[in-house]
Amino acid sequence: MKYAYFPGCSLHSTAKEYDISARAVAGALGIELLEIPDWVCCGATPAHLTLHLLSLALPVKNLLAAKKLGNYEVATCCAACFSRLKIANKFMEDDLEHRGNVEEIVGAKYSGEVKVRHFLDILVNVFGLKNINQRVTKKLSGLKVACYYGCLLTRPPEVTQLDDLEDPHLMDDLMKIIGAEPVQWPYKTECCGASFSLTKTDIVLKLSGDILQMAQDEGAQAIVVACPLCQSNLDLRQGMINKQYKKKFNIPVFYFTQLLGLALGIEGTKLGLEKHLVNPLPLLREKGIIAKR
Amino acid sequence: MKIGVFVCHCGTNIAATVDVEKVAQEAAKLPKVFFATDYKYMCSDPGQNLVKEAIAKHSLDRIVVASCSPSLHEKTFRICVEAAGINPYLIEMANIREHCSWVHHDREKATAKAIELVRLAVAKVSCNRPLQKTYVPVEKRVLVIGGGISGIQAAIDISFAKYPVVMVEREPSIGGRMARFDKTFPTLDCAACILTPKMVTVAQSKYVTIHTYSEIEEVTGHVGDFTVKIRKKSRCVDLRKCTGCGACFAKCPVKVPSEFDLGLGMRKAIYVPFPQAVPNIPVIDRRNCLYFKTKKCGLCKKACLAEAIDFEIQDEIIEQKFGAIIVATGFTQFDHSVYGEYGYGKFKDVITGLHFERMVNSSGPTAGKIIRPSDGKEVKDVVFIQCVGSRDEQKGMSYCSRLCCMYTAKHALLLKEHNPDSQAYVFYIDIRAAGKNYEEFVKKVQDEYGAVYLRGRVSRIFEKGGKLIVKGADTLSGSQIEIKADLVVLATGLVAQEEAVKLAQMLHIPYDKNNLYTEAHPKLAPVETITSGVFLTGACQSPKDIPDTVATASAASVKALGLLIQDKLEREPLIAKVDNKLCSSCQACIKACPFNAIEPEEIEDRQLKRKRIVAKVIEGVCAGCGNCTAVCRMSAIDLEGFSNRQIMEEIEAL
């Protein structure tokens, strides 16, 4: 199993632990991730706010680079990268006018032939839950988690074609297989405030605060995410949320790759667990998932 | 041969894009054309007179009218030329409106095309031959399919004229959707009080035969002479012996959710759907009956003093002839389980308007108490969401279901009357209250009953702490709203019945992309279909409220009666004809005919001096579609009015 791997900027910076844990999990399962050489920004939020064509040309440049690697599908962990790459593919497939313009910009022919998958989708639907189950060495029993998918994984459905739009369950299924207990909660796809984190932090504090509150009310001890921005808003901003709304949240926010890594017997130190602001180690120790000091 | 060409301006419909005067001038130059002119409205009285006068003055013997589609005015001009003494089949229409002016912008090119179309029509008409109408007898009986308010009204209207009616209803009782309603907007009449007398009237009429728990199996024939097979499904109860005493269902040990109450109440395995059912005779639900499942029980049979219950009764097929058919099959509710944001239909306390209707009904499963289906608690805050499945191209239908605004307003009012401490919140897109006293009614609900109307959509509903949390937008104040509700009522739209297409194909009537039956003309023939003798009423054609449904039922009845009072019916002579000499008896035409209008016939071939099989067209059944002429390898079958020669002449004129 080989994929052209597109980490994106977050996984090389603020979400380094997502990258570390994804590679560790891939290694343990025998999935080869070939990082696309000379990849550039996917465009994220700024590109499509600046120039529509730029927001298509940037991902296409990356997809063309992936094509040079060989006949592989592209794997990505970041929800925004996933969204931008998929949207670019959709335009290149269906919209001849845009295809022509973008081809002129990137100087190459491309009509959406390099398929893109989210790493979660690869694990659950390609590698398979059954196969994962066979490799699990440590069940995360007793850990109640709220699986939080955010806005981009399932939307727009005609582009992402991943999971149920309003009530996704891929991550829940994965968590169940590794022994954790996903709670039923209604905020799986609520907005966390996304990139307003930098420009209008108040909005993020409110929205992410609501998500933390709902997770706690529904009995979750931790939140599991598949998006670097979600993680950052829920984890990095948790202190500010506590201050602003006089709360005492202490909810660790994991990447699904980190919990899967633990279940596969990978050591916590090799999954970047120390990089979170809300320290997850006490909870993991309490549940007997990592060794007590 | 003297051909006259009449070019119509159709106001500016044609004249704005096509130079009609030039078309007339060019037409006059065509061979055999003796006279050509243009006029503002050729279909109007002066326009028709112009045609008649020209025929008389110039002794014209064939006419081309260059105007709109033949489906609109061919008949008009046939009548017109017939009055002037010309055989009505010696005219042709050149469609320079739908096929030309309405679809083009370039005046010069459109004019050139219009001239071409006229040239074709002239070529064709020169090959037309006079045809005579045929006549068929009329079976003086009407079939009404569907026993809801629509079918009931139609049957009553026809029975008033003393013609026999047969009504076929799929459910065990007539009454349809309306029998489930509590009150009707905007007058707040009790639905049962105005419906049940009609149910009794129709049941007691000596002109009406009702087949409940029955379905249409097959329809053959044509206007005036339809042959219909009706399957009377076995109730396992003898209708003649049953007294309706109810001892059987009192004894029945099986309880299942009642379809009539949408699962809010229970019924037995032998049941009448509701107490006012007509006929008031129970039916055994074989899927749930213990006798049919295990061959044990039979308690109902023991309890029946009239000895009416017989498990061995089988379905019965009745075959009957009808002169006209009225389709009154109604609608079904949009299935809201596609709406993930409203919980995919999983939340017990998210119900539909019809559920609410059953609950608020004093003879319903909760005896008129509005409660939460999940825990039976009384409700205080209720959120109503309009346009669920309507006006939603993503997940539902693109059309407006027309009555949801009104029934939601009615529900908000009834909620306040039943639970004075309650509060109604209504999420809407637009309020469409276009009907007599409708707007006033909505205003009353807002002003006097305190319903809070919020313009916007609901983004999510979820359960938390025993309440439903409804999150939505109020686009007028530009704010986000969160309501802790006890109950959410979805105003689900109206959609075609699941089996609508099957019936349409049986009746040879067209349906649209939403499976709603298509009327012959949206304005001028709203209750007719293009299959003559088949009429539409009620919501099987488009969503309709009760007043509109009753109005179309009466309209369809008048149309059906208009057929029945005739001694014989005119049939268009534009049908297929077989040339026996050329027919090779391959029978490809028999397979190609969608109307079963061709049958094999044995003839004595005098040249070959032996008997052989040829195709024979059944004149009354042939609809003139032309499928057979296309598949005939020998060109032995030809369509009058569209003969191979006429079409060739057109092609050569191009």
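**Architecture of chains A and B in the predicted model**

The model described here is a predicted one. One of the residue pairs involved is B:Phe384 with B:Val426, the latter being its bridge partner in strand 22 of chain B.

A further open sheet in chain B consists of three strands in the order 24-25-26, with antiparallel pairing. Its edge strands are strand 24 (458–464) and strand 26 (479–485) of chain B, each of which pairs on one side only. The twist from one strand to the next averages 20 degrees. Strand 25 (residues 467–474) of chain B runs antiparallel to strand 26 of chain B, and seven bridges link the two. Across this pairing, B:Ala473 is found opposite B:Gln480 of strand 26 of chain B. Strand 25 and strand 26 of chain B also form a hairpin, in which four residues separate the two strands. In the turn of that hairpin, B:Gly478 adopts a positive phi of about 70 degrees.

The overall dimensions of chain B provide the setting for these elements. The C-alpha trace of chain B spans about 85 × 70 × 40 Å along its principal axes. Chain B contains 18 helices and 34 strands, and 45% of its 654 residues count as buried. Among the contacts in chain B with a separation of 6 or more, 70% involve residues 24 or more positions apart.

Burial was also examined for individual helices. In helix 1 (residues 20–28) of chain B, the buried residues are B:Val20, B:Val23, B:Ala24, B:Glu26 and B:Ala27. Viewed down the axis of helix 1 of chain B, these buried residues fall within an arc of 165 degrees, so they line one face of the helix. An α-helix has 3.6 residues a turn, so residues three or four places apart point the same way. The cover over the buried residues of helix 1 of chain B includes strand 1 (3–8), strand 2 (33–39), strand 3 (62–67) and helix 5 (107–125) of chain B.

Helix 8 (residues 247–251) of chain B contains B:Lys251. B:Lys251 has 16 other C-beta atoms within 10 Å and is therefore partly exposed, since a residue counts as buried at 20 or more such atoms and as exposed at 12 or fewer. Apart from neighbours within four places in sequence, B:Lys251 contacts B:Leu299, B:Cys300 and B:Ala303. B:Leu494 lies 243 residues away from B:Lys251 along the chain, and the C-alpha atoms of the two are separated by 37 Å.

In chain A, the domain assignment gives domain 1 (2–118) and domain 2 (138–286). The C-alpha centres of domain 1 and domain 2 of chain A are 24 Å apart. Their contact takes 23 residues from domain 1 of chain A and 24 residues from domain 2 of chain A. On the side of domain 1 of chain A that touches domain 2 of chain A, helix 1 (8–11), helix 2 (16–29) and helix 5 (79–94) of chain A each supply at least two residues. Helix 2 of chain A gives the most to this side, with nine residues. By class, the side of domain 1 of chain A that touches domain 2 of chain A comprises 13 nonpolar, six polar and four charged residues.

Finally, the contact between the chains was considered. Five residues come from chain A and five residues from chain B. On the side of chain A that touches chain B, two residues are nonpolar, no residues are polar and three are charged.

How values were computed. Residues numbered from 1 in each chain as written. Chains lettered and ligands numbered in written order. Predicted model: local features only at pLDDT ≥ 70, side-chain atom pairs only at ≥ 80, totals over all residues. Arc of directions from axis to C-beta. Contact = placed C-beta atoms within 7 Å. Pairing = 2+ DSSP bridges. Axes fitted to C-alpha atoms, helices over the stretch in contact; angles between N-to-C directions. Domains from an automatic or database assignment. Nonpolar A, V, L, I, M, F, W, Y, C, P; charged D, E, K, R; others polar.
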